[in-house]
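I opened the model today and kept notes in the order I looked things up. The entries follow.

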Amino acid sequence: MMGYSPKSFEAVRANRQPLLTALAALSITELVIHYEGGGDSGDVTEFEVFPVELRQGDGDIENILKTQQMSYHCLAGEYQDGEYRYFLQEQSISIDAALRDFALTWVDAHHGGWENNDGGSGKVTIHVTEGIFRLEHTEYYTECSNYEYDL
């Protein structure tokens with residue numbers, strides 16, 4: 001995943017419908033992507049897949065997400081003439097990798113550097129049947145109070 005760029009928003013918009021289509025094809029009605037980080041690193045920590053029966057069914061949904069490929073617009077960058085230029089590059093990647101990249105690209109677009117210092121956490125919920133995506137993000141910070149007294 002690359003750092004903030006207006007292209008991050010373009011990538012999120014470009015990948016919205018392909019993700020909905022891929023999840024609907026697997027009979028997933030809702031998927032929640034949890035992420036957290038701090039101290040200069042962060043990543044996706046868990047997927048919740050609904051309906052729950054899909055996780056206990058014949059095909060083991062986690063393996064299906066990791067092996068089934070989809071067309072995805074990855075955010076890429078090149079250093080040219082003293083600056084980075086960002087662009088979208090279509091690739092075939094696993095649905096698992098696409099979901100991870102999508103969530104982290106979306107949070108980074110709104111909260112660049114969210115994983116630094118005290119960090120943050122959140123979740124991306126995809127309501128497949130309604131076509132609704134929601135990002136809920138929490139930033140962590142250390143608060144302090146300073147006092148000085150002279151006598």
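I began with His137, which lies in strand 6, residues 132–139. Strands here are DSSP runs of E with at least two residues, helices are runs of H or I with at least four, and both are numbered from the N terminus. The model is predicted: local features need pLDDT of at least 70, side-chain atom pairs count only at pLDDT 80 or more, and totals for chains, interfaces and linings use all residues. Residues are numbered from 1 along each chain as its sequence is written, and side-chain values use heavy atoms, with hydrogens and water left out.

Next I looked up the partners of His137. Its side chain makes a polar contact with the side chain of Tyr35 at 2.6 Å. A polar contact is a pair of N or O atoms within 3.5 Å; within protein, one must be able to donate a hydrogen and the other to accept it, and residues adjacent in sequence count only if both atoms are side-chain atoms. Leaving aside neighbours within four places in sequence, His137 is in contact (heavy atoms within 4.5 Å) with Tyr35, Val107, His111, Trp114, Gly120, Ser121 and Gly122.

I then turned to the largest nonpolar core, which has 32 residues. Such a core is a set of buried Ala, Val, Leu, Ile, Met, Phe, Trp, Tyr and Cys residues joined through side-chain atoms within 4.5 Å; buried means under 20% relative accessible area, with a 1.4 Å probe and protein chains only. Ile28, Leu31, Ile33, Leu65, Leu99 and Ile126 touch the most other members. Among the elements that each supply at least two residues are helix 1 (6–25), strand 1 (30–38) and strand 5 (120–127). Helix 4 gives the largest share, eight residues.

I checked one member, Leu31. Beyond its neighbours within four places, Leu31 is in contact with residues including Leu23, Phe47, Leu65, Leu99 and Ile126.

How do helix 1 and helix 4 pack, and at what angle? I found about 145°, with the axes 10 Å apart. Axes are lines fitted to C-alpha atoms, for helices over the stretch in contact, and angles run from 0 to 180 degrees between N-to-C directions. Residues making the contact include Phe9, Val12 and Leu19 of helix 1 and Leu99, Phe102 and Trp106 of helix 4.

Last, I noted the whole chain. There are four helices and six strands, in the pattern α-β-β-α-α-β-β-α-β-β. Buried residues make up 36% of the 151 residues.

Definitions and conventions. Buried means under 20% relative accessible area, exposed over 50%, partly exposed in between (1.4 Å probe, protein chains only).
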